[in-house]
Amino acid sequence: MNLLRWARWNPYLVGIGIGVLSWIAFAGMHKALGVSTTPAKFAGMATGVAAPQHVEANSYYGKYFDSDAGKVMFDWQFFLVLSLPIGALVAAKLSREKFTETVPALWASRFGGSKAKRYAAAFVGGAVMLFGARMAGGCTSGHGISGGLQLAVSSWVFFIAMFASGLVTAFALFGKDGRQHV
Amino acid sequence: MFDLASSQMIVYGLLAGFVFGFLLQKGGVTRYRVILGQFLLKDFTVLKVMFTAIVVGAVGIWGMRSAGMDFPMHVKNAAILANIVGGLIFGVGMAVLGYCPGTGIAAIGDGSRHAIPGVLGMIVGGALFAEVYPSIKDGFMKLGDAGKITMADVTALSPWWLIAALGVIALVLFVMLERVSPGSAGSAHGERNIGVGHSD
């Protein structure tokens, strides 16, 4: 099908696709699309290799590693997260996109072309973001989309807070001039 | 600790992740400049994708439930202070990284090298929160806790009124946005970044 080879789909079409995917997830799989629990559980697993008693004593990991309560480490969401980049890779290959990015143009315009600097910032950004996600109880998928469509109060509160904060941060980092680079 | 889900759930998870990642890439939201373009209010792809997904998702899921289908909902706790502070922290990290957790992990498959340290950072962020959690779980994390409530519970309205309102808001927003930022990611502002990205 030709559509699969298009480099970009209309954002409304993509939105409909994700909406329909969430029907299937909810009604067919009894799950809600979400991502951010998995990196936290992965952290617990990695810590557990070095210090199992520390992980066992931790009340946060305890919520997710309680086998007696039917909690599973390698669960539905773990495999969802595992195949996310595969889906993206296939989508990119089908449209023959050869995209690689180490330092984005917008970032370079403000902070220079240093790869080390960008990677360090990406690392810190990822850490801060996931810390916030676990505090709030979800991310843009679990809260934003799955929570949003369930009309959850927690999710709409999160969505507004994260959008406002992202906007302020982006303008603080790049200013209005940054808009020429996106 | 290292338990494995049933083979059915493994296949379901792999399928859902594949389709999700595929859609995110086609939508252009696995790109740093599209995410930052949203926060800088220039490229509205992210809002278009998310709001459409929310409205379409809501109509189907509440519709199936109204039609008598029985499946669990997954409403998260409204611990309002944690939702707000967590959201504020999340937004700072997302603007610095240029991806959310899902788009960041998918972006690795789309050729983003800097998403890799970003994902490693996410794991460390999860570990940090786990260390902090025991000292805030009974205080801060419970402040303003209203339980797993929806806006339908709060307003005592039928969810359909809220979904209708959401649909109207989305429609008005989309009509306005199409004047400011028409089309899809990449096509609106040219493909100049594809294959460039200041690599080495």
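Lys98(A) is exposed, with a relative accessible area of 72% (exposed means over 50% relative accessible area, buried under 20% and partly exposed in between, with a 1.4 Å probe and protein chains only). The model is a predicted one, in which local features need pLDDT of at least 70, side-chain atom pairs count only at pLDDT 80 or more, and totals for chains, interfaces and linings use all residues. Residues are numbered from 1 along each chain as its sequence is written, chains are lettered from A and ligands numbered from 1 in the order in which they are written, and side-chain values use heavy atoms, with hydrogens and water left out.

Chain A contains 9 helices and 0 strands (DSSP runs numbered from the N terminus, H or I of at least four residues for helices and E of at least two for strands). From its N terminus on, the order of elements in chain A is α-α-α-α-α-α-α-α-α. The C-alpha trace of chain A spans about 55 × 40 × 35 Å along its principal axes, and 59% of its 182 residues count as buried. Chain B has 8 helices and 0 strands, which run α-α-α-α-α-α-α-α from the N terminus on. Its C-alpha atoms fill a box of roughly 50 × 45 × 40 Å, taken along the principal axes. Of the 200 residues in chain B, 54% are buried.

In chain A, Ala43(A) belongs to helix H2 (residues 37-50) and counts as buried, at 2% relative accessibility. Its C-alpha atom is separated by 9.8 Å from that of Val55(A), a residue 12 positions apart from Ala43(A) along the chain.

Lys98(A) sits in the loop between helix H5 (76-94) and helix H6 (105-111) of chain A. Together with Arg5(A), Lys93(A) and Arg96(A), Lys98(A) forms a positive surface patch. Patches consist of residues with over 30% relative accessible area and no salt bridge, with like charges joined within 9 Å and nonpolar side chains (Val, Leu, Ile, Met, Phe, Trp, Tyr) within 5 Å; a salt bridge is a side-chain nitrogen of Lys or Arg within 4 Å of a carboxyl oxygen of Asp or Glu.

The most comes from H6(B), with 4 residues. Val124(B) lies in helix H6 of chain B and is partly exposed, at 34% relative accessibility.

Over all chains, the count is 20 aromatic pairs (rings of Phe, Tyr and Trp, the last by its six-membered ring, with centres within 6.5 Å; planes under 30 degrees apart are stacked, over 60 edge-to-face and the rest tilted). One of them, formed by Tyr60(A) and Phe129(B), is edge-to-face, at 5.1 Å centre to centre and 85 degrees between the planes. This pair crosses between chains, from helix H4 (residues 59-64) of chain A, which holds Tyr60(A), to helix H6 of chain B, which holds Phe129(B). Both Tyr60(A) and Phe129(B) are buried.

How values were computed
Accessible areas come from the Shrake-Rupley method with a 1.4 Å probe; for residues, only the protein chains shown count as cover. Lys and Arg count as positive and Asp and Glu as negative; His and the chain ends are not counted. The place of a charge is taken as NZ of Lys, CZ of Arg, CG of Asp or CD of Glu.
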